[in-house]
Amino acid sequence: MVDEVEGLWRTIVDWLRSHAPATAAHIRPPASGEALSSLAAALGRTLPADLHRWWQLADGMTVGVLDPLIPSLYTPLPVAEALKNRQFSLSLDQESTDADEVAGAPSYGFHPLFVPIAEDHCGQTMFIDLREGSQHGCIGVWDHESAWDDGVYWESLSDMLTDVRDALVHGRPALVAHAERRLQHFAGHAVDASIWRAAVDSAGRLAWTPQEVGSRR
């Protein structure tokens, strides 16, 4: 799993350097051991090996930049910012959380085992769910107004990086599985279920453009 994360990430970075250099320029150096230890201490548990390795490869992106490396609008967080984001979300959210909740299940409160990994700078935080269960390590989005956005975006960090890699290198749409899960969950109701294709703007920045689920060419 760790080796897979490293290989996927290096492929993504190489592609960005060649095709979207303005975005690549904002990828930070590796996170410090001290920062990783501080986050693990706050969680009260060891960070998952794949997440730990990802941050060892790059400590997120420059704070404040609006370069959405992760579809559709998310910028990877440095470890220190992830810790701040978590603390802030926990301080704002006074809703109770069920200690027996399993990973992947809706949560009406920001759970202490949600680990922020990216944000869209508009109040939404992408996180890894470290609650126990078959979907331990899945990735979701927390909205500061509507709680857990709409379920699982990716099954794991490796799943997310594979999706991004395939979108960049092979031109495939990203978040197809997420869109299909939304359509199934909200069957019979009008719901946005976009998939996303990678593009590069004139300034050399990565961007993501939406398409209908049926448009996969």
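Predicted model: local features only at pLDDT ≥ 70, side-chain atom pairs only at ≥ 80, totals over all residues.

Modeller: Residues are numbered from 1 along each chain as its sequence is written, and side-chain values use heavy atoms, with hydrogens and water left out.

Colleague: How many cavities of 30 Å³ or more does a search of the whole structure find?

Modeller: A cavity is a set of points, on a 1 Å grid over the protein atoms alone, where a 1.4 Å probe fits but cannot get out; lining residues have an atom within 4 Å of a point. Points are joined across faces, edges and corners, and the volume is the space filled by probe spheres set on them. Here the search finds one cavity of 30 Å³ or more, and the largest cavity has a volume of about 40 Å³.

Colleague: Which residues line the largest cavity?

Modeller: The lining consists of Trp-9, Trp-54, Trp-55, Ala-58, Gly-60, Met-61 and Pro-76. By class, six are nonpolar, one is polar and none is charged; Ala, Met, Trp and Pro are among the residues counted as nonpolar, Asp, Glu, Lys and Arg count as charged, and Gly is among the polar ones.

Colleague: How many aromatic pairs does the whole structure hold?

Modeller: Rings of Phe, Tyr and Trp (its six-membered ring) pair if their centres lie within 6.5 Å; planes under 30 degrees apart are stacked, over 60 edge-to-face, and the rest tilted. The search finds six such pairs. One of them, Trp-9 with Trp-54, is edge-to-face, at 5.7 Å centre to centre and 80 degrees between the planes.

Colleague: Why does this pair tie together parts that are apart in sequence?

Modeller: Helices are DSSP runs (H or I, at least four residues), numbered from the N terminus. Trp-9 lies in helix H1 (residues 2-19) and Trp-54 in helix H4 (residues 49-57), so the pair links parts 45 residues apart in sequence.

Colleague: Is Asp-166 buried or exposed?

Modeller: Buried means under 20% relative accessible area, exposed over 50%, and partly exposed in between (1.4 Å probe, protein chains only). Asp-166 is buried, at 13%, and belongs to helix H6 (residues 157-169). Beyond its neighbours within four places in sequence, Asp-166 is in contact (heavy atoms within 4.5 Å) with Gly-171 and Arg-172.

Conventions. 1 Å grid on protein atoms, 1.4 Å probe; cavity = no way out; pocket = protein on both sides within 12 Å on 5 of 7 lines; lining within 4 Å. Helix = DSSP H or I, 4+ residues; strand = E, 2+ residues; numbered from the N terminus.
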